[in-house]
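My notes are below the display.

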Amino acid sequence: MLRPTFFVAALAAASPVFADAGLDALRAELRDMKASYEARIQALEARLQSAETRTADAALNAGDAAAQNEAAPSTTQRFNPDISLILQGGYAHLDDGGERRLNGFLAAGHDHGTPRGFSLDHTELVMSASIDPYFRGYFNLALLDEEVAIEEAWFQTTALGHGVSFKGGRFLSGLGYQNQQHPHAWDFADNALMYRALFGEAYGNDGVQLKWVAPTDLFVEFGFEAGRGANFPGTDRDRNGAGSYALFGHLGGDVGASNSWRAGVSYLRAKASERDSELEDLNDVAAETLFSGASKTWVADFVWKWAPDGNAAERNFKFAAEYFRRSERGSLLCEDNTGAGGACVGSDDAYRSRQSGFYAQAVYQFMPRWRTGYRYDRLDPGTIDFGANSAFLPASTQPPTRHSLMLDYSPSEFSRLRLQYSQDKSMENLSENQWFVQYIHSLGSHGAHTF
């Protein structure tokens with residue numbers, strides 16, 4: 001279609017009379033077009049500004065909602081922890097060693113032991129979750145036939161900053177290296193002799209822990225614990241205040257891309273009141289002993305790990321060793337609890353002991369899913385002074401030792417099958433060849449283990 005300007009130009013060319021009228025019309029049309037375009041541009045700018053405002057408001061509202069969810073989780077998020085069930089058991093071929101006491105050491109409590117033949121070890125129910133932006137929680141329940149025990153139940157801060165954290169409840173102490181590991185995380189089917197002598201299995205406590213990790217390239221960690229002290233080597237004294245104190249410090253770091261290490265020193269002081277144990281007196285009669293006094297333990301630990309370029313999926317190697325030295329001072333009551341003519345009858349006198357021991361182990365994953373390992377245990381009964389009870393109780397000098405070899409296969413990260421052989425000389429006048437077949441299965445989500 002021809003535009004009006006064409007007719008205006010034609011009329012102007014035909015007659016000067018119409019020239020001015022045509023130019024005025026052209027100017028009017030240009031003004032109308034300009035006004036129309038300006039109006040459209042203003043409308044587009046208004047729409048753009050409105051869209052930007054809506055986007056900013058949506059982002060602000062989303063941020064407020066996220067902050068509110070963190071501060072007060074919704075009903076659907078309040079109980080959504082990681083839950084796992086650990087199934088563990090197997091078969092043990094052992095000699096008839098009776099109560100299997102460690103030679104030269106008073107029996108420690110909470111020693112699950114390993115029965116002969118087929119058996120089911122503790123089944124563990126584990127739950128863990130972030131409580132809110134400030135705390136996280138952990139719960140571990142051990143079940144065995146009619147026995148149910150809360151192994152751990154604690155909360156820990158996550159937002160104190162500056163590398164500081166606070167833990168409260170029931171927890172495994174941070175002293176040493178293996179102490180914080182549950183049985184399903186051990187590299188061997190049974191516990192090291194050192195831990196059997198010190199704690200029976202591991203040292204747990206009801207109390208508080210304050211820990212600080214330094215903001216340095218080198219891993220530096222210090223911790224302090226105070227607790228009820230009811231577990232061996234202490235006892236529940238039913239008093240106000242703390243019955244045990246623990247201090248620990250660790251250093252660690254990387255050596256190149258393939259190696260890492262950690263070393264530490266720990267100290268535990270516990271108080272005992274009539275802590276019971278059993279010994280055989282000089283007449284081979286079972287005698288009950290009750291110790292009251294102070295127990296002090298030093299532990300040194302060292303761990304070295306290797307994996308090519310830090311990738312542990314194909315091959316890796318771990319060396320771990322721990323050494324302890326324990327001294328106890330107080331009084332020991334010795335009583336014949338059989339009525340069979342024992343020599344130790346109600347004698348109470350001073351008691352002093354200084355004992356030590358260590359284990360060293362190496363575990364090598366030589367191909368995916370397959371590992372092999374060797375562990376050497378040795379304890380030193382040290383010096384024991386029974387005071388007046390020395391006339392009734394023997395002080396052994398034979399050091400408990402043990403060599404262990406293991407081979408395990410892990411079809412996945414949730415299951416493990418293990419075969420182990422041990423030559424055990426930890427009991428007096430007994431050398432035992434032990435065989436273990438073990439299975440460990442984890443059902444559900446389970447958090448990563450410590451270094």
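The entries follow in the order in which I looked things up.

**Ground rules.** I am working with a predicted model, in which local features need pLDDT of at least 70, side-chain atom pairs count only at pLDDT 80 or more, and totals for chains, interfaces and linings use all residues. Residues are numbered from 1 along each chain as its sequence is written, and side-chain values use heavy atoms, with hydrogens and water left out.

**Confidence.** I checked pLDDT, the predictor's confidence in each residue from 0 to 100. The protein chain has a mean of 86, and 84% of its residues reach 70 or more. Helices (H or I, at least four residues) and strands (E, at least two) are DSSP runs numbered from the N terminus. Confidence is lowest in helix α1 (residues 4–14), with a mean of 43, and highest in strand β6 (residues 164–172), at 98. I noted pLDDT under 50 over residues 1–19, with 9 contacts (heavy atoms within 4.5 Å) beyond four places in sequence. Residues 65–77 also stay under 50, with 5 such contacts. Where pLDDT is low, the predicted coordinates should not be read in detail.

**Cores.** I then looked up nonpolar cores, which are sets of buried Ala, Val, Leu, Ile, Met, Phe, Trp, Tyr and Cys residues joined through side-chain atoms within 4.5 Å. Buried means under 20% relative accessible area, exposed over 50%, and partly exposed in between (1.4 Å probe, protein chains only). The largest core has 20 residues, of which Met-194, Phe-199, Phe-324 and Leu-379 touch the most other members. Two or more residues each come from α3 (193–198), β11 (286–306) and β12 (316–336). α3 gives the most, with 5 residues. Apart from this core lies another, of 11 residues, including Tyr-351 and Phe-386. Beyond four places in sequence, Phe-324 touches residues including Phe-105, Trp-298 and Leu-379.

**The β10/β11 pair.** Strands pair if DSSP finds at least two bridges between them. β10 (residues 259–280) pairs with β11 in the antiparallel sense over 20 bridges. The two form a hairpin with 5 residues between them, and Asp-284 in the turn has a positive phi of about 60 degrees.

**Tyr-267.** I found Tyr-267 in β10, with Trp-298 of β11 as its bridge partner. Tyr-267 counts as buried because its relative accessibility is 18%. Its C-alpha atom is separated by 8.9 Å from that of Gly-176, 91 residues apart along the chain.

**Thr-289.** Is Thr-289 buried or exposed? Thr-289, in β11, is buried, with a relative accessible area of 0%. Beyond four places in sequence, its contacts include Leu-106, Arg-275 and Leu-393.
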